Amino acid sequence: MLFFEDIAIGRRREVGSFTFTADEIKRFARKYDPQRFHLSEEEGRKSLFGGLAASGWHVASVCMKLMVTSMQRLAREAVARGETVVAGGPSPGFRDLRWIKPVMAGDTISFVSEVAGLRASASRPEWGIVEIRNTGTNQRGEVVFSFLGAGFVPRRDPPRAEVTQ
Amino acid sequence: MTLTFEDFPVGRLGTFGPRHVSREEILEFAGEYDPQPMHLDEEAASKTMLKGLSGSGWHLCAVMMRMMFDGFIGRAASLGSPGVNELKWVAPLRPGDDITLDVDVTEARISRSRPETGIVTFKGVARNAAGQVLCEMTSPIIISRRESAS
């Protein structure tokens, strides 16, 4: 993880890919999204999706998994080079999340993150907020998933905080 | 009876839950989908901005989805959702939280491209037992109109 000041708009990173098996689609759906087209091949065929489709929240959760594991791998590599690694903060949310095409059983989705915006945090001067457009593309090159996520990133040189007491 | 587009007029739809979220469930979800120390390790979590173990925001999303399924989507002629307009993680999900979800319909219109369906925009607000808002979400769902629902 870099400091806020080291991040440039447009920086693009491949975060990894994941194959959605029928078993995993059903396992997630049984717990969190048991709509019929996420649980059964036959019901999926009768739906708009035309087959067993992953819950959109499953797709989003897998994207998060790959983003976190790829960030942790980069941090380990930086530590091995003797560089200082700083921990990122939590996320205040996201906007413009789009389930563009269904993710069907057997599909392999590759995810890419691109820095889309940088702004100061109004309430927390020691942190900046980075906005990242995350996109998932299937094995046929079709974009299936996209969202604009925000995350807190520590600042190397925070503006002087106002003294209140 | 199946709920159709006509059953979702603008206004308060209902309050759903409570849904208990255990520490074990938080660790299980985070271990698989969001393995950051703030979601997995008390000691490491205590040193983060969230000051203590918290559930993944995506876990809370999944729990809200399940609450909406149990509350009304499971009985509705839902054809799926094109996305989420905006979602705010306002405060952390904590082990042992009992979540309630207020759902309002903010917009309901007939689809121009598929006039046998309607697009209903829902706003969901998740709170813990103390009434503190944890998450706000605005998302459209495509629902069949009555004359076309089977």
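Start with the contacts within chain B: of those with a separation of 6 or more, 73% are between residues 24 or more positions apart, a contact being two residues whose C-beta atoms, placed from the backbone, lie within 7 Å. This is a predicted model, in which local features need pLDDT of at least 70 and side-chain atom pairs count only at pLDDT 80 or more, while totals for chains, interfaces and linings use all residues. Residues are numbered from 1 along each chain as its sequence is written, and chains are lettered from A and ligands numbered from 1 in the order in which they are written.

Keep chain B selected and show its C-alpha trace, which spans about 55 × 25 × 25 Å along its principal axes. Chain B has 4 helices and 6 strands; helices (H or I, at least four residues) and strands (E, at least two) are DSSP runs, numbered from the N terminus. Their order along the sequence is β-α-α-α-α-β-β-β-β-β. Of the 150 residues in chain B, 40% are buried, meaning that 20 or more other C-beta atoms lie within 10 Å of the residue's own, with C-beta atoms placed from the backbone.

Next select α1 of chain B, residues 23-33, where B:I26, B:F29, B:A30 and B:Y33 are buried. Viewed down the axis of α1(B), these buried residues lie within an arc of 95°, so they line one face of the helix; the arc is taken over the directions from the helix axis to the C-beta atoms. Their cover includes α2 (37-40) and α4 (57-71) of chain B, together with α3 of chain A.

Move to α3(A), residues 56-80. This helix has 25 residues and reaches 36 Å from its first C-alpha to its last, close to the 36 Å expected, which is 1.5 Å times one less than its number of residues. Among its buried residues are A:W57, A:H58, A:M64 and A:M67. Just after α3(A), look at A:G82, which takes a positive phi of about 85°.

Now select the contact between the chains: 24 residues come from chain A and 28 residues from chain B. On the side of chain A that touches chain B, α3 and β2 (93-99) each supply at least two residues, and α3(A) gives the most, with 8 residues. That side divides into 14 nonpolar, 6 polar and 4 charged residues.

Finish at β2(A), which is joined by 5 bridges to β3 of chain B (residues 83-89), the two running antiparallel. Pick A:R95 there; its bridge partner in β3(B) is B:E86.

Notes
Nonpolar A, V, L, I, M, F, W, Y, C, P; charged D, E, K, R; others polar. Pairing = 2+ DSSP bridges. Buried ≥ 20, exposed ≤ 12 C-beta atoms within 10 Å, placed from the backbone.
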